[in-house]
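Please open the model in your viewer and keep the selection tool at hand. The stops below are given in the order in which they may be selected.

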Amino acid sequence: MSIPAEFIYCTFEDYSERFVSDLRKIKDTYGITGIAYGDLYLDGHREWGEKTAAEAGLDAVYPLWMEEKDSLKALKAFAESGYKAKVIRVREDVLDSSWLGKELNQDFVSKIEDEPVCPMGESGEYHTFVYDGPLFYKSIQLDSPVVIQLETTKKLEFGEFRLAEK
């Protein structure tokens, strides 16, 4: 996509403080004025994002904000968008490990509809990694996946990755 990628490493104990501190550094490095969050409809998430952005001197932008009832429609739009994503983490109390590695495509949409979860995983039911799409100059190839058991979730860790020509 030809934009810099910055990673913020936080622990549970210092999450907000570290997030704000690193946002300030990113703001100074790149001269940004805002940060886009991917939250969809949970007010508590939006309040936290607006608070941390303000503390860092940034505007909080929510380009995907919608009503909860529109989440299935948004998932269907993503599945048809040309972007490619894999499920890399599941919350075990709502989805089993068979969901790990699934592609977000029409098959995924039809199956997630039958589950008692937000189709977009807004409450952390699942997390994804977008690895290709129309704005990507190169796709990200993920290899050597290993399932890691955490306290309440399972996640895929990839031992290898590389950029590939499209």
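Which residues are exposed on the other side of H2? Before selecting them, note that this is a predicted model, in which local features need pLDDT of at least 70 and side-chain atom pairs count only at pLDDT 80 or more, while totals for chains, interfaces and linings use all residues. Residues are numbered from 1 along each chain as its sequence is written, and side-chain values use heavy atoms, with hydrogens and water left out.

**Helix H2**

Select residues 43-55, which form helix H2. Helices (H or I, at least four residues) and strands (E, at least two) are DSSP runs, numbered from the N terminus. The 13 residues of H2 reach 18 Å from first C-alpha to last, close to the 18 Å expected at 1.5 Å a residue; the expected span is 1.5 Å times one less than the number of residues.

Colour Gly49, Thr52 and Ala53 next: these are the buried residues of H2. They lie on the same side of H2, because they cover an arc of only 100° around the axis, the arc being that of the directions from the helix axis to the C-beta atoms. An α-helix has 3.6 residues a turn, so residues three or four places apart point the same way. Asp43, Glu47, Lys51 and Ala54 are the exposed residues on the other side of H2. Here buried means under 20% relative accessible area, exposed over 50%, and partly exposed in between (1.4 Å probe, protein chains only).

To see what covers the buried residues of H2, show helix H1 (15-30), strand S1 (34-36) and strand S2 (59-61), which are among the covering elements. Gly57, which follows H2, has a positive phi near 75°.

**Helix H1**

Move to H1, where 16 residues reach 22 Å from the first C-alpha to the last, close to the 22 Å expected at 1.5 Å a residue. Phe19, Val20, Asp22, Leu23 and Ile26 are buried in H1, and the buried residues of this helix pack against S1 and H2. Asp22 also belongs to a network of salt bridges with Arg18 and Lys25. A salt bridge is a side-chain nitrogen of Lys or Arg within 4 Å of a carboxyl oxygen of Asp or Glu. Just after H1, select Gly31, which takes a positive phi of about 70°.

**Further salt bridges**

The whole structure holds 14 salt bridges. Select Glu103 and Lys86, whose closest N and O atoms are 2.7 Å apart. Glu103 lies in the loop between strand S3 (84-91) and H4, and Lys86 in strand S3, so the pair ties together parts that are 17 residues apart in sequence. Then show the salt bridge of Asp93 with Arg91, in which the closest N and O atoms are 2.7 Å apart. Asp93 is exposed at 56% relative accessible area, whereas Arg91 is partly exposed at 22%.

**Val109 in helix H4**

Select Val109, found in helix H4 (residues 106-112). What does Val109 contact, leaving aside its neighbours within four places in sequence? The contacts are Leu72, Leu75, Lys76 and Ala79, where contact means heavy atoms within 4.5 Å. Val109 is buried, with a relative accessible area of 3%.

**Strand S5**

Finish at Ser144 in strand S5 (residues 138-149). Phi of Ser144 is near 55°, a positive value in a residue other than glycine. Ser144 is partly exposed, with a relative accessible area of 36%.
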